[in-house]
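Reader: I have a new structure open and would like to go through it piece by piece. Can we start with the strands?

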Amino acid sequence: LTPRIGFCYFLIIKGAINMVSINFEGAKQFYASQPDKAAAQAAFDTLVNGTGAGNDFIGWVDLPVNYDREEFARIQAAAKKIQSDSKALVVIGIGGSYLGARAVIELLKSPNYNALPKNTPDIYFAGNGISSDAVTEILAMIGDRDFSVNVISKSGTTTEPAIAFRIFKAALEKKYGVDGAKSRIYATTDKARGALKTLASREGYESFVVPDNVGGRYSVLTAVGLLPIACCGIDIEALMHGAQAEREDTLKRGVESASVQYAMSRQALYADGKNIEILAAYEPAFRFMAEWWKQLYGESEGKNGIGIFPASVEYNADLHSMGQYIQDGPRTLMETVVSFEQPQNEFTVPFAMGDPDRLNYLAGRKLSDISRMAQEAVKAAHIAGGVPNLEVRVPKRDEAGFAWLVCFFELACAISGYMSGVNPFDQPGVEAYKKNMFSLLGKPEAN
């Protein structure tokens, strides 16, 4: 990676040093020892020099500046075609093949995206489980409308998405005929081999590449995430420019960057016995961003009997459920809170005659200001209760903000994994359930 860093010539926008900022003041008192700057430097060097375990899967580091421009243009063209001929898009994939796309769609559009008025297709996610009820519901929601399918799988044989693809491919063929269905199937898969690649080449599906050097949980800024994201009308060029800026800032600042500082702090807290990290946000739209984060950190760090357990909560709602446990439960928790400094929309509390609910003291105040006060109150309570608090701040919920967060968390995850002595890019434990399932289902090669 080092030789390529010199070619990162994109300008960082004014104030980019605060693209993603992090506040450690709520965590410092809990360090058993100060964050290990030397270990962080070594991990950072290992990543950027490509000398660590799993170094054949670090293509995502340079992806924001080295992505395939020709394929990027084809993604944009395919998204426009889907927007023009489909009222719905079924995205079939599991793990990193859907979590990143769903995260950005919900964060930048809405968790209620499908229900809102718009001129872009509804997006349905399938193949992330094996539920006949879930499949039936998606088919019912599509109804008689025109739809397309984006199937995402490196191999094409992963059980959950493979089953879903069979079902939705059959639905397409029933509606449009075998030949008509082919023009509505978009395959994101290996560039040269695998069952799905073979099928796509034989049937003539429009296909996009899952890069060999990018693992699924790091793939949101490849075709894996970009096609469904673009179909929603999200500006994927702005995503890539944001990622370029965050990447360059981290590589330039090294151990002083927000990503490395976050990795250092969580490892210092882990050394103090804080082995569960709760990721929290005060925006319901952040829910699937947290799900993406859980896969990223869970698969990357949970190995060899060690690792910080990634969990998530949604504030304010979970303050009235999980809040009790967080405040008074076992002191094995650390808390990372993501906040957005500017809301997408603003709302003011109205005045009510007679003050029946005793809320006129808040009349005229912005909901965003009230939320900030709630955040400060929760932070103070949790720190006093023995929960270290890390604050990750992003200026706004927009394309740049999402891209900054993605690069921030990905770089921090890899560095944190190397600091703990594991390979952050494999997931050997994922195969255990598959072997048992194949045997129980009677898959021929499993016996």
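Reader: How many bridges join strand β7 to β8?
Author: This is a predicted model. In it, six bridges join β7, residues 276-281, to β8. The two strands run parallel.

Reader: Which residue stands opposite Ala311 in β8?
Author: That is Ile278.

Reader: What is the order of strands in the sheet they belong to?
Author: The order is β1-β10-β9-β7-β8. It is an open sheet of five strands, and the pairing is mixed.

Reader: Which strands are at the edges there?
Author: β1 (21-23) and β8 (309-314) are the edge strands, and each pairs on one side only. From one strand to the next, the twist averages 25°.

Reader: Which strands does helix α11 lie across?
Author: Helix α11, residues 258-271, lies across β1, β7, β9 and β10. It runs at about 155° to β9. Helix α15, residues 399-420, also packs on the sheet, and it touches β1, β7, β9 and β10. The direction of α15 makes about 145° with that of β10.

Reader: OK, other sheet. What order do its strands have?
Author: That open sheet has five strands in the order β3-β2-β4-β5-β6, with parallel pairing. Its edge strands are β3 (122-126) and β6 (206-209), each pairing on one side only. The twist there averages 20° from one strand to the next.

Reader: How many bridges are there between β2 and β4?
Author: Five bridges join strand β2, residues 88-92, to strand β4, residues 147-152. These strands run parallel. In this pair, Val90 stands opposite Val149 of β4.

Reader: And what does α7 lie across?
Author: Helix α7 lies across β2, β3, β4 and β5 (185-189). Its angle to β4 is about 140°. Helix α8, residues 195-203, packs on the sheet as well, touching β4, β5 and β6. The direction of α8 makes about 140° with that of β5.

Reader: Changing topic to helix pairs. At what angle do α4 and α9 pack?
Author: Helix α4 (residues 69-85) and helix α9 (residues 223-231) pack at about 35°, and their axes are 8 Å apart.

Reader: Is that crossing left-handed or right-handed?
Author: The crossing of α4 and α9 is right-handed.

Reader: Which residues meet there?
Author: From α4 they are Glu71, Phe72, Ile75, Ala78, Ala79, Ile82 and Gln83. On the α9 side they are Ala223, Leu226, Leu227, Ala230 and Cys231. Sorted by class, this contact has 10 nonpolar residues, one polar and one charged.

Reader: Now the open spaces. What is the volume of the largest pocket?
Author: The largest pocket holds about 960 Å³ of space. It is lined by 36 residues, and the closest to its centre are Ile94, Thr158, Gly216, Gln427 and Lys434.

Reader: Which elements give two or more residues to that lining?
Author: They are α7 (159-182), α12 (287-301) and α16 (431-441). The largest share comes from α16, with five residues.

Reader: How does that lining divide by class?
Author: Into 15 nonpolar, 13 polar and eight charged residues.

Reader: What about the second largest pocket: what is its volume?
Author: About 720 Å³. Of its 28 lining residues, those closest to the centre are Tyr282, Glu283, Ser368, Ser371 and Gln375. The elements that give two or more residues to this lining are β9, α14 (367-384) and β10.

Reader: Which of those gives the most to the second largest pocket?
Author: α14 does, with eight residues.

Reader: Last topic, cavities. How many of 30 Å³ or more does the structure hold?
Author: The structure holds three. The largest cavity has a volume of about 80 Å³.

Reader: Which residues line the largest cavity?
Author: Its lining includes Tyr282, Tyr315, Glu335, Gln375, Lys379 and Asn389. The elements that give two or more residues to the lining of this cavity are β9, α14 and β10.

Reader: How many residues come from α14?
Author: Four residues of the cavity lining come from α14, which is the largest share. By class, the lining of the largest cavity has four nonpolar, three polar and four charged residues.

Key
Residues numbered from 1 in each chain as written. Predicted model: local features only at pLDDT ≥ 70, side-chain atom pairs only at ≥ 80, totals over all residues. Heavy atoms only, no water. Pairing = 2+ DSSP bridges. Axes fitted to C-alpha atoms, helices over the stretch in contact; angles between N-to-C directions. Contact = heavy atoms within 4.5 Å. Left-handed = near helix turned anticlockwise from the far one by under 90°. Nonpolar A, V, L, I, M, F, W, Y, C, P; charged D, E, K, R; others polar. 1 Å grid on protein atoms, 1.4 Å probe; cavity = no way out; pocket = protein on both sides within 12 Å on 5 of 7 lines; lining within 4 Å. Points joined across faces, edges and corners; volume = space filled by probe spheres on them.
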